[in-house]
Amino acid sequence: MLMKFLTFCMEHEKHPGEYKAYEEITFSEYLKTQKLTPNLQHFVLYSIAMTPKSTSSTLDGLKAIKNFLHCLGRYGNTPFLFPLYGQGELPQCFCRMCAVFGGIYCLRHSVQCLVVDKESRKCKAIIDQFGQRIISKHFLVEDSYFSENTCSHIQYRQISRAVLITDRSVLQADSDQQISILTVPAEEPGTSAVRIIELCSSTMTCMKGTYLVHLTCTSSKTAREDLEPVVQKLFIPYTEMEMENEVEKPRILWALYFSMRDSSDISRNSYNDLSSNVYVCSGPDCGLGNDNAVKQAETLFQQICPNEDFCPPPPNPEDIVPDGDNLQPDTSESSVVPEGNLETPKESANLLKPEEHSE
């Protein structure tokens, strides 16, 4: 029955009639209709689909299983890849690729405000902390840059996070160099499953002999209240001694609990007085991978560059011919102008958060 169900998930788009009647219920409820034992339902829900919400729809669950199965066997026995040195390497590789093809980065420049034309209501430039005006046709801004006035009508969800450094792995195995992914089901109604990712030192994210553990869930209370019960089940606080006959647990060397806002499902129309050429991208969400970020990037790219291919394969290095000195800056696209007076009669300065600037 399990193999029959997984085969159906791989081809569910060809047979919409088989799940059409269940689209309005959650994926967990849908699994109960598939003649799977409770153990198999649990396995499919938390070890294969791994959807971030217990309220995920039937269609979301089917897509998640198809994605999992399609990724199996590509690079080894699991469907997962993790970048050495952590997720921060992914944006860095895109930044470097952009720089190879002429992208310019203004390092250690914080943004003070956007300059908006009062007649067209379009953003014309930004002003940095040195008073310089940087002119462009398009402006891409992460949600947390906006002032409270811009976001005054938005009700953000929160994500509960915990980061631990431990002395051993949760997974008792022959090798001490592995990445573990664990989903702990919600125990109370209205709460979310907790996803745990444990990284070993070979990922270059922690010192040898230690493990870096991330716990994430959708907030229902504070981060500590949401996550500490799971931490207490799986780990031993540094100050406590192990009890005799107790299964060995990793010891916590350091811990941090915090909450962060989830802007992944905020509509652009929810922001106040946003110029038509200002594009908003969200921060991290609760998803295991980067699917939401990739979809968002493609949508924004097609809005700004509708006639271009999104993320084409990079050329071979030997095929790249730099133009060198033949390239002249196009002032119509982007330029930097020293600016003493920030406003002209037809411009207004739209301030961003002064404490949230990025370098």
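**Figure 1. Tyr 85 in the loop between α4 and α5.** In this predicted model, Tyr 85 is placed in the loop that joins α4 to α5 (89–100). The phi angle of Tyr 85 is near 75°, which is a positive value in a residue other than glycine. Is Tyr 85 buried or exposed? With a relative accessible area of 53%, Tyr 85 is exposed, since the term applies over 50%.

Figure 2. Which residues does Gln 87 contact, leaving aside neighbours within four places in sequence? They are Phe 82 and Asn 290. Gln 87 and Asn 290 are separated by 203 residues in sequence, while their C-alpha atoms are 9.6 Å apart in space.

Figure 3. Lys 35 has a phi near 60°, a positive value in a residue that is not glycine. The relative accessibility of Lys 35 is 69%, and therefore Lys 35 counts as exposed.

Figure 4. Leu 2, Phe 5, Leu 6, Phe 8 and Cys 9 are the buried residues of α1. Why are they on the same side of α1? They cover an arc of only 155° around the axis, and this places them on the same side of the helix. The buried residues of α1 pack against α2, α3 and α4. On the face turned away from the buried side, α1 carries the exposed residues Met 3 and Lys 4.

**Figure 5. Helix α4 and the helices around its buried residues.** Helix α4 covers residues 58–71, which is 14 residues. The buried residues of α4 are Thr 58, Gly 61, Leu 62, Ala 64, Ile 65, Lys 66, Phe 68 and Leu 69. Which helices do these buried residues pack against? They pack against α1 (2–10), α2 (27–31) and α3 (38–49). After α4 comes Gly 73, where phi is positive, near 80°.

**Figure 6. Thr 58 and the backbone oxygen of Tyr 22.** Thr 58 is part of helix α4. Thr 58 has a relative accessible area of 0% and is therefore buried. A polar atom in the side chain of Thr 58 lies 2.8 Å from the backbone oxygen of Tyr 22. Not counting residues up to four places away in sequence, Thr 58 touches Tyr 22, Glu 23, Ile 25, Thr 26, Phe 27 and Tyr 30.

Figure 7. Thr 183 sits in strand β6, which runs over residues 180–184. Because its relative accessibility is 16%, Thr 183 counts as buried; the term applies under 20%. The side chain of Thr 183 reaches the backbone oxygen of Tyr 46 at a distance of 3.3 Å. Apart from neighbours within four places in sequence, Thr 183 is in contact with Tyr 46, Met 50, Ala 193 and Val 194.

Figure 8. Strand β1 takes in residues 111–117, and strand β2 (residues 123–128) pairs with β1 in the antiparallel sense. How many bridges join the two strands? The pairing runs over five bridges. In one of them, Val 116 has Cys 123 in β2 as its partner. The hairpin has five residues between the strands, and Arg 121 takes a positive phi near 60°. Six of the seven residues of β1 are buried, so the strand is largely enclosed by the rest of the structure.

**Figure 9. Cysteines without a disulfide.** A search of the whole structure finds zero disulfides. Cys 93 has a relative accessible area of 40%, so Cys 93 is partly exposed. Cys 106 counts as partly exposed because its relative accessibility is 38%.

Terms used:
Residues are numbered from 1 along each chain as its sequence is written. This is a predicted model: local features need pLDDT of at least 70, side-chain atom pairs count only at pLDDT 80 or more; totals for chains, interfaces and linings use all residues. Side-chain values use heavy atoms; hydrogens and water are left out. Helices (H or I, at least four residues) and strands (E, at least two) are DSSP runs, numbered from the N terminus. The expected span of a helix is 1.5 Å times one less than its number of residues. Buried means under 20% relative accessible area, exposed over 50%, partly exposed in between (1.4 Å probe, protein chains only). Contact means heavy atoms within 4.5 Å. Two strands pair if DSSP finds at least two bridges between them. A disulfide is a pair of cysteine sulfur atoms within 2.5 Å. The arc is that of the directions from the helix axis to the C-beta atoms. A polar contact is a pair of N or O atoms within 3.5 Å; within protein, one must be able to donate a hydrogen and the other to accept it, and residues adjacent in sequence count only if both atoms are side-chain atoms.
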